[in-house]
Amino acid sequence: MALVSVRNLTRIFDVSKPWLNRVVERRPRALLTAVSDVSFEIEERTVYALVGESGSGKSTIGKMLVGLLGPSEGVVDIRGIDLARETDADKIDAVRADIQMIFQDPFASLNPRWRVRDIIVEPVAARGGETTGLAERLLEQVGLSARDAGKFPHEFSGGQRQRICIARALASEPKLIVCDEPTSALDVSVQAQVLNLMSDLKDEFGLTYLFISHDLTVVQHMADRIGVLYLGRLVEEAAPSELFENPKHPYTQMLLAAAPKLDGFGREVAPPTGEIPDPINPPPGCAYNPRCPLAQAVCREERPVLRKVGGARVACHMVD
Amino acid sequence: MPAPTLSIRDLTVDIPTRHGVLRPVSGVSYDIAPGEILGVVGESGAGKSMAGNAVIGLLSPPAHIASGEIHLNGTRIDGLKGDAMRRLRGKEIGMVFQDPLTSLNPLLKIGDQLSETMLAHLDISQSEARQRATAALDEVGIPGAAQRVDSYPHEFSGGMRQRVVIALALCAEPSLIIADEPTTALDVSVQAQIIALLKRLCRERGTAVMLITHDMGVLAEACDRVAVMYAGKLAELGPVRDVLSAPLHPYTDGLMGSTPLASRGKDRLHQIPGSMPRLDSLPTGCAFHPRCPRAAAQCRVDPGPAIEDGAGRAACFFPIDREAVA
């Protein structure tokens with residue numbers, strides 16, 4: 001059974017103006033659909049990656065997975081337990097201890113007034129666990145020194161801070177780690193160190209990652225399965241080899257063509273046209289239809305469902 | 001070869017502090033020809049933005065140019081102060097920053113911002129400036145330019161704002177543009193649009209571009225030549241194809257190795273051990289030697305051969321011998 005099972009997940013944010021403004025200016029309520037009817041499963045000990053541009057809803061899905069946000073509709077099942085609806089506190093607590101998160105900005109996600117030791121053992125201490133020597137052991141596992149436990153976050157570089165974040169995520173011996181753009185704030189050489197570390201730890205601890213990123217090359221390197229998001233909808237899902245060699249959805253094709261290539265010296269490609277539409281008033285039918293070269297009448301009327309095509313899942317009317 | 005638009009010789013920037021003098025840029029020399037895009041690449045703290053700011057005279061005190069010369073179209077500009085520099089900035093050198101929102105005034109319509117720049121530098125009338133502003137927006141691909149001239153920056157998306165900033169940098173027809181991480185804050189598809197736009201405009205107008213970036217992919221696609229910086233010094237300088245596909249300096253090689261690539265599959269990424277040294281504790285000799293797999297005794301005392309223009313690409317005693325490897 002899959003470790004995580006996400007079914008028909010939808011999240012709607014109310015971004016309306018205050019009541020008085022709406023009445024005076026005669027404005028309707030404004031609802032922003034950040035995530036719309038997304039379903040996927042993450043197998044144990046695999047890396048599932050979500051890619052998409054800004055506003056595609058990838059971080060919102062990550063937050064709903066760890067329980068920082070509740071879903072508007074749909075279900076997030078982790079080991080068969082739906083955190084948003086489960087009422088048994090013990091079960092919820094057991095699942096919560098199995099989930100940890102690594103954030104994008106290692107400068108903002110560590111409390112500057114806490115010592116590294118206290119930061120790392122917090123997930124265990126909060127549940128009243130035994131923490132003696134834990135921080136020192138974890139620091140060595142992520143490639144820092146045990147002596148660093150007594151220091152403060154400002155004494156470390158960006159890459160080292162991200163290692164501390166990883167050590168903290170590992171402290172409660174989780175099964176699932178949600179990584180929201182874990183290397184976007186890092187330089188290339190530091191990114192390589194952190195990605196290698198994450199791969200090693202995954203094998204060592206039998207971890208499962210939900211890896212959220214906008215960087216296609218990083219995703220290709222890390223993921224076992226990739227989901228491509230556009231305007232809150234999952235448009236394609238496939239294994240990396242298949243997705244990169246034979247992208248099926250026109251949006252995925254556009255994304256891959258637009259990504260700069262290391263060997264693309266002086267490459268002249270027609271840049272993609274248009275931009276992501278407004279999520280408050282998404283276009284009817286397929287969200288990609290205004291930019292899509294293949295769009296037909298049906299694409300403007302009917303939203304395509306995600307269906308199986310070979311080893312992939314694609315939401316497009318025009319793919320056979 | 002035509003005379004270079006920008007010529008930097010032995011540029012050194014110093015920051016005096018209580019604990020001694022820091023040197024973020026040290027002995028950097030390069031030229032940019034008209035119509036050429038030179039990529040300046042390096043990790044955070046390599047001094048790539050600092051070198052760009054030195055050219056346009058935007059070093060924030062106490063940082064200052066300690067030695068070296070900067071020539072723009074044959075005129076020396078590194079000693080210019082106050083008004084003289086201000087006339088140059090915007091007129092001869094355009095600047096595109098990373099974050100388009102902070103480089104536009106939120107309280108002014110974008111048409112007024114464009115006209116303001118043109119009126120300051122060109123001898124034209126109000127109405128002509130407005131016409132030109134519309135034309136400039138049209139040229140950078142903003143749909144409905146005639147109406148959008150009267151919009152405020154917040155009414156544009158990130159990609160459109162960056163287009164406005166590029167229009168702003170180009171409106172006085174400068175001979176050099178310094179683009180400091182112009183696409184870092186943008187999405188992949190928008191990034192492709194902006195890079196294509198920069199390339200097209202520079203080719204059409206023969207504008208020289210200094211493109212500061214940390215993205216090797218952008219570098220490969222946009223630039224003609226590339227300068228790799230490490231700890232304030234040039235590590236390697238040469239045509240982009242040579243430097244990226246057959247790097248000579250071990251640092252460039254390490255940088256390329258740590259970039260995830262489709263062809264490498266899921267193997268471990270190459271790691272450069274350690275991290276960039278801090279400016280207040282630079283190693284002696286070649287700054288890269290503590291992390292370098294090829295370092296010898298010589299590297300610990302001697303900073304390595306300087307990069308001469310035209311010949312010699314890497315500032316390294318033991319450059320990777322590509323013929324021996326192949």
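This is a predicted model: local features need pLDDT of at least 70, side-chain atom pairs count only at pLDDT 80 or more; totals for chains, interfaces and linings use all residues.
Let me start with chain B, which has 12 helices and 10 strands. Its radius of gyration is 21 Å, close to the 20 Å that the globule rule gives for 326 residues, so chain B is as compact as a globular protein of that length. If you draw a box along the principal axes, the C-alpha atoms of chain B fill roughly 65 × 45 × 40 Å. Of the 326 residues in this chain, 48% count as buried, and if we take the contacts in chain B with a separation of 6 or more, 65% of them are between residues 24 or more positions apart.

Now to individual helices of chain B. Helix 1, residues 48-56, is mostly covered, with nine of its nine residues buried; among them are Lys48(B), Ser49(B) and Asn53(B), along with Met50(B), Val55(B) and Ile56(B). Just after this helix comes Gly57(B), which takes a positive phi of about 70 degrees.

Helix 10 of chain B, residues 250-257, is the other one I would like you to look at, and here six of the eight residues are buried, so the helix is largely enclosed by the rest of the structure. The buried residues are Pro250(B), Tyr251(B), Thr252(B), Asp253(B), Gly254(B) and Leu255(B). What covers these residues of helix 10? The cover includes strand 9 (225-230), strand 10 (233-239) and helix 9 (240-245) of chain B, together with helix 7 of chain A.

Staying with chain A, let me turn to its open sheet of eight strands, which has mixed pairing and the order 6-7-8-3-9-10-12-11. Strand 6 (99-102) and strand 11 (307-309) stand at the edges, each with a single partner strand, so one side of each is left without a neighbour in the sheet. From one strand to the next, the twist averages 25 degrees. Within this chain, strand 9 (residues 225-230) and strand 10 (residues 233-238) run antiparallel and are joined by five bridges, and Gly227(A) stands opposite Glu237(A) of strand 10.

I will finish with one residue, Ile177(A), whose place is in strand 7 (residues 176-180) of chain A. Is Ile177(A) buried or exposed? The cut-off for a buried residue is 20 or more other C-beta atoms within 10 Å, and Ile177(A) has 25, so it counts as buried. Leaving aside neighbours within four places in sequence, Ile177(A) is in contact with Gln100(A), Met101(A), Ile102(A), Ala169(A), Leu207(A) and Tyr209(A). Ser72(A), by comparison, is 105 residues apart from Ile177(A) in sequence and 23 Å apart in space, C-alpha to C-alpha.

How values were computed
Residues are numbered from 1 along each chain as its sequence is written. Chains are lettered from A and ligands numbered from 1 in the order in which they are written. A residue is buried if 20 or more other C-beta atoms lie within 10 Å of its own, exposed if 12 or fewer, and partly exposed in between; C-beta atoms are placed from the backbone. Helices (H or I, at least four residues) and strands (E, at least two) are DSSP runs, numbered from the N terminus. Two residues are in contact if their C-beta atoms, placed from the backbone, lie within 7 Å. The radius of gyration is taken over C-alpha atoms; the globule rule is 2.2 Å times the number of residues to the power 0.38. Two strands pair if DSSP finds at least two bridges between them. Axes are lines fitted to C-alpha atoms, for helices over the stretch in contact, and angles run from 0 to 180 degrees between N-to-C directions.
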